[in-house]
Amino acid sequence: MGVRRKIRIPTLVNCKTCDGSGAKKGSTPKTCGTCGGAGQVRMSQGFFSVQQTCPECHGAGQVISDPCSDCHGQGRVQEYKTLNVKIPAGVDTGDRIRLSGEGEAGTHGGPAGDLFVQVSVKPHSIFERDGANLYCEVPISFTTAALGGEIDVPTLDGRVRLKVTAECQSGKLFRLRNKGVKPVRGGPVGDLICKAVVETPVNLTSRQKELLTELAESMGEGTNHSPKQKSWFDGVKRFFDDIKK
Ligand SMILES: [Zn+2]
Ligand SMILES: [Zn+2]
């Protein structure tokens, strides 16, 4: 899909008053007398001759005796501009989008550079992203978890119905192949991984509480109905037995 985003950025543009030259209207920059316009000077030190940036013009090759008052001789002024940036689908935090020619103006009327827009992906309310894969938690009622059924899960292309088998435990992962992110630089489409979170019912009526009490009583005898609890209690018992020794 992708998206378009307007961004407002400070930038340096060519000064219109002096056309980027930095010299006051009517005057022109003069060729630097120290380096003869080369921007570099040779310094002799004994046998050696060292090339250095001209200290007079700082490498520009020209000196401005009468600087433009709008840009103070810089040839560039700060301005704000608004850009409409196309963000391609699949970008991730840290990706950079290059906008050629949208950077700051060069010095003394030079061409503008490129602008790099660094992408920072906002956290999503439902999906968590890890590379091309997406993760989300899906609440499941405890009756659906126990008896099995179907639940709606969100994907980037809309709702998908997911079959939940009976005796589904909290934390169970459902992998939906190719329902993740299509990476912007190519490569396989990721998966959507849904984690079942079994919910404890709230706002129960007295009738519902009665039914649950009945259920609890019926589960008290004989068959083990809590696979995790059994091994957990066994573990706790072993832990205390070890301390007693
Ligand atoms: Zn100017
Ligand atoms: Zn110079």
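Is Arg-177 buried or exposed? Arg-177 is exposed, because its relative accessible area is 61%, and the cut-off for that word is over 50%. Please keep in mind that this is a predicted model.

1. Start with the partner of Arg-177. Asp-191 forms a salt bridge with Arg-177, and their closest N and O atoms are 3.3 Å apart. Both residues sit in the loop between β13 and β14, 14 residues apart. Asp-191 counts as buried, because its relative accessibility is 9%.

2. Side chains of opposite charge can pair when their charged atoms come close. The structure holds 14 salt bridges. One of them is between Glu-102 and Lys-81, with the closest N and O atoms 3.0 Å apart. Glu-102 is in the loop between β7 and β8 while Lys-81 is in strand β6, so the pair ties together parts that are 21 residues apart in sequence. Glu-102 is partly exposed, at 28% relative accessible area.

3. Now find Arg-129, which forms a salt bridge with Asp-92; here the closest N and O atoms are 3.7 Å apart. Arg-129 belongs to strand β9 and Asp-92 to the loop between β6 and β7, so parts 37 residues apart in sequence are tied together. Arg-129 is partly exposed at 29%, and Asp-92 is partly exposed at 23%.

4. Some charged residues form a group. Glu-150, Asp-152, Arg-159 and Arg-161 are linked in a network of salt bridges.

5. Let us turn to the strands. An open sheet is formed by four strands in the order β9-β10-β14-β13, with mixed pairing. Its edge strands are β9 and β13, each pairing on one side only. From one strand to the next, the twist averages 30 degrees. Strands β10 and β14 run parallel and are joined by eight bridges. If you want one example to locate, Pro-139 has Val-197 in β14 as its bridge partner.

6. Helix α1 (residues 142-147) includes Thr-144. Thr-144 is buried, because its relative accessible area is 19% and the cut-off is under 20%. Leaving aside residues up to four places away in sequence, Thr-144 touches Gly-149, Ile-151 and Val-164.

7. Finally, look at the surface. Met-43, Phe-47, Phe-48 and Val-50 make a nonpolar surface patch of about 500 Å². Phe-48 lies in strand β4 and is exposed, with a relative accessible area of 62%.

Notes. Residues are numbered from 1 along each chain as its sequence is written. Chains are lettered from A and ligands numbered from 1 in the order in which they are written. This is a predicted model: local features need pLDDT of at least 70, side-chain atom pairs count only at pLDDT 80 or more; totals for chains, interfaces and linings use all residues. Side-chain values use heavy atoms; hydrogens and water are left out. Helices (H or I, at least four residues) and strands (E, at least two) are DSSP runs, numbered from the N terminus. Buried means under 20% relative accessible area, exposed over 50%, partly exposed in between (1.4 Å probe, protein chains only). Contact means heavy atoms within 4.5 Å. Two strands pair if DSSP finds at least two bridges between them. Axes are lines fitted to C-alpha atoms, for helices over the stretch in contact, and angles run from 0 to 180 degrees between N-to-C directions. Patches are made of residues with over 30% relative accessible area and no salt bridge: like charges are joined within 9 Å, nonpolar side chains (Val, Leu, Ile, Met, Phe, Trp, Tyr) within 5 Å. Accessible areas come from the Shrake-Rupley method with a 1.4 Å probe; for residues, only the protein chains shown count as cover. A salt bridge is a side-chain nitrogen of Lys or Arg within 4 Å of a carboxyl oxygen of Asp or Glu.
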